[in-house]
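Morning, everyone. Let me put the structure up, and then we go through it.

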2 protein chains.
Amino acid sequence: MSAGEGVAAGAVDAEVGAAVDAAVARAVASGTGSTSRADRAAWLEALAAALEEHRGELIAIAHRETHLSETRLDGEVTRTAAQLRFFAGVAREGSYLEATLDSPDPSTTPPRPDLRRMLRPIGAVAVFTASNFPFAFSVLGNDTASALAAGCAVVVKAHPGHPELSRRTAELAVAALAGAGAPDGVITLVEGVEAGVALVQHPSIAAVGFTGSARGGRALFDLACARPAPIPFYGELGSINPVVITEAAAKDRAAELAAGLVGSFTRDGGQYCTKPGLVFVPAGTGFEDALAALVADAPAQRLLTQGMSGAFARGADAFARRDDVDVIGTVRELSDGVDVTAPSAPVAILVDAQHFVASSEDFLAECFGPLTVVVRYVDEAELNAAIGELEGSLTATIQHAPDEDVAALTTALSGVAGRVVFNGWPTGVAIAWAQHHGGSWPATTASVHTSVGATAIRRFLTPVAYQDAPASALPLELRDGNPLGIPRRVDGALRA
Amino acid sequence: MSAGEGVAAGAVDAEVGAAVDAAVARAVASGTGSTSRADRAAWLEALAAALEEHRGELIAIAHRETHLSETRLDGEVTRTAAQLRFFAGVAREGSYLEATLDSPDPSTTPPRPDLRRMLRPIGAVAVFTASNFPFAFSVLGNDTASALAAGCAVVVKAHPGHPELSRRTAELAVAALAGAGAPDGVITLVEGVEAGVALVQHPSIAAVGFTGSARGGRALFDLACARPAPIPFYGELGSINPVVITEAAAKDRAAELAAGLVGSFTRDGGQYCTKPGLVFVPAGTGFEDALAALVADAPAQRLLTQGMSGAFARGADAFARRDDVDVIGTVRELSDGVDVTAPSAPVAILVDAQHFVASSEDFLAECFGPLTVVVRYVDEAELNAAIGELEGSLTATIQHAPDEDVAALTTALSGVAGRVVFNGWPTGVAIAWAQHHGGSWPATTASVHTSVGATAIRRFLTPVAYQDAPASALPLELRDGNPLGIPRRVDGALRA
């Protein structure tokens, strides 16, 4: 959902309502929940192959609609196919089911019967796609891949920033799924703000995955909670991604760090939820001079949507007008009107730590696009006071010297961020079992599970325990002898 | 929270607000999140021992305040101590941390760094205790035990149905924790509806566990979602617990089933969230005659609170006045005024399946206390139509013949209930790794994790991933060589 899109509850246009009803009915009727893990893994692989097969065609549409470079989009197709295959592997491996068996024991209080527990698909899922990843967080992105792996049919709300790409991807997906023997209705696309509102409120939707703006995400979260039967809403709403450069690191390699920062915060127009938007730098290390030279040379980029271009110009202007900051780069004059089809140039805002602490709420506002705020600190006390102002974030980064003790800093930052990066930059989220992409509010609406990493699948599952069940009534994964050979816990002991 | 208690947002009395602030501040200052699993396991065992040591004194207070029998309360103390020790074992075993390590791989898109992920405590937790389990879901119940195991300090909102017991239990807990070397502030007690409201809205509370009424739970859930920074609210709100008796089972053993049902729905005054409140029985099998004889002989029980006695009388009266039901047992006349200190006698309401379907919303209303609704069906079509009306429930039960195929029935019921019981009764929830106590709305507010079974601990944890971290900045559980010997996933492979 782009920053400019409004969301409100209330009457939905009858035609839109009917389209959403039909999409959800198809999802429910698909019977996705009773398919096998092996079949769903094959569907995911067929989807990955379809993306790769149509790579050129899809990149061309995406480039036209999003202004992202073809190189970047090519990498994103590769990554999206890898995500789909990753979740196929997660489904096949089967430990995500948390299969657990306990033998009867009449001596306990209360007596223990034969109990066998595993997770089942939660039902039809709504997925709201992001503007800034037209493949990796869109129609066939992480939310869809993890929901399908879990056994949930998906109704995708297309992002208005790349409508043609969304439709073409969905078309290819439906064909690939049919070719892989999947039932009809596993993925359906709907479009428009009203359709999204109707989707979150639909009684047959069991959970929502969302990647987008804080404003749009909060509005939909509120609708999900206010339903007569509330449902889980997994929203990833953006993030400021603080970076701490220690004194020792700045002394060692100020110029290298400035180059790394500029590369990360201007990458693809700074349009990443993991963009480093706030950097704590020791004062007087030459970092600022290096930064100024690099920002001047960094390319401008046309942003994803015209709404984002306007919002970026307003956000940069609000920072630049403050009397407690210095500005590196060119901020466009709003008074002349902003050409929202022109490229946006990178901007760095510099502020002393004491001023940051005095107005932290202003400085913590996310400015989506190529802008970062550099906070100068003079000593550890100032740094710690500034860190104390941080809110939940997807990442936090520590740039440190090789043998420096950063344990206390790590503890402080791991309390606000879902991923702590050491001597690297937060952009570039690898696909891995150990990956996590989350953080407490306002980074996400639900810090317990998020959309990246193997446990993204857990969002779309709910437990069921079988007590003294006859074998024929049990899923194969819970039967004696472990016929499908998955990892299980038996009488308390994990068996890999 | 008892049925009569109201909850509203808004101004909280200054003294109450200050008491809640102080309790939360102590919880946060305790540093519970940075203690070791081994230490917390020892605290839990000390709490179990303290309960057992003071068993007689506590049971006497509980009996006076709740009217539950001393035998039942004695069993509940045993179970509560077992729960505390169970979560000590879960903490020690350590697989709940989901420790996951991935080696670097520069060949992937994007390149994979060294990634290590585990769960960390979410922060200070609020626990709302239940009236009907003054030990097992109260000050030292499942919510508290699982939160402490996770590493979260707890502020307990005492239930007004057993205030003295709550205070005495908290006093003993504080002493036991101090004796076990725990920091101050690990458990604090607050009292009163207003304190509960302030607690859910407190900015330093990170999650809520709740067991109680649908009305109170929904009101607090709404407050948790409406916070500027929303937090997860894990509410268990009650349940109707449908039972299906197949034709073959009724033919085989109608009298035995009637006895089992009466034993289960009248047990301890029917004051269980797992009480079978709805039973589908084939018509004309002699089951009803057996039931009538048994209900007449079943003892009346004084209910937990006067509010519950009144609500039970009104609920039973509303059923009995319908012209589409038959009534077994004595329903008190409301016109004479109800003596809310008198015992409540068991009642069974009988209705034909077609009438049940026509007014299912009325029949699905939970009547807390010794009442069950028996739905007579004439064939499988009627049974399936009736099952189609069910809402989310904590349990569903199938009473079947030994070789009967109940796979389809199991699939249907596992879609609405978190636990499916075969040839047993839903009351009596064993403590086990494979246990689950949840279900979709209205059984719980969050069907993803609930308060019973090992994964209850998962509610109070949030992930953090470390990217390219120096060993000294990592928790011991994630370091090379697995120094604490916990189950981990390494490069995708689970190692038990």
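Ground rules. This is a predicted model: local features need pLDDT of at least 70, side-chain atom pairs count only at pLDDT 80 or more, and totals for chains, interfaces and linings use all residues. Residues are numbered from 1 along each chain as its sequence is written, while chains are lettered from A and ligands numbered from 1 in the order in which they are written.

Now the chain B side. Helices (H or I, at least four residues) and strands (E, at least two) are DSSP runs, numbered from the N terminus.

Strand S14 of chain A (residues 417-422) runs parallel to it, joined by 3 bridges. Pairing needs at least two bridges found by DSSP. In that pairing, A:Arg419 stands opposite B:Ala465.

Next, backbone. Most residues other than glycine have a negative phi, and most peptide bonds are trans. Here are some exceptions.

Chain A has a cis peptide bond between A:Thr109 and A:Pro110, with omega about -10°. A:Pro110 sits in the loop between S1 (100-102) and S2 (115-121) of chain A. Another cis bond joins A:Trp441 and A:Pro442, omega about 10°. A:Pro442 is in the loop between S14 and S15 (461-467) of chain A.

Over to chain B. B:His67 is not a glycine, yet its phi is positive, about 65°. Its place is the loop between H3 (55-66) and H4 of chain B. B:Glu98 also has a positive phi, about 55°. B:Glu98 lies in the loop between H4 and S1 of chain B.

Buried or partly exposed? B:His67 counts as partly exposed because it has 19 C-beta neighbours inside 10 Å. B:Glu98 has 21 other C-beta atoms within 10 Å, so it is buried. The cut-offs: buried is 20 or more other C-beta atoms within 10 Å, exposed is 12 or fewer, partly exposed is in between, with C-beta atoms placed from the backbone.
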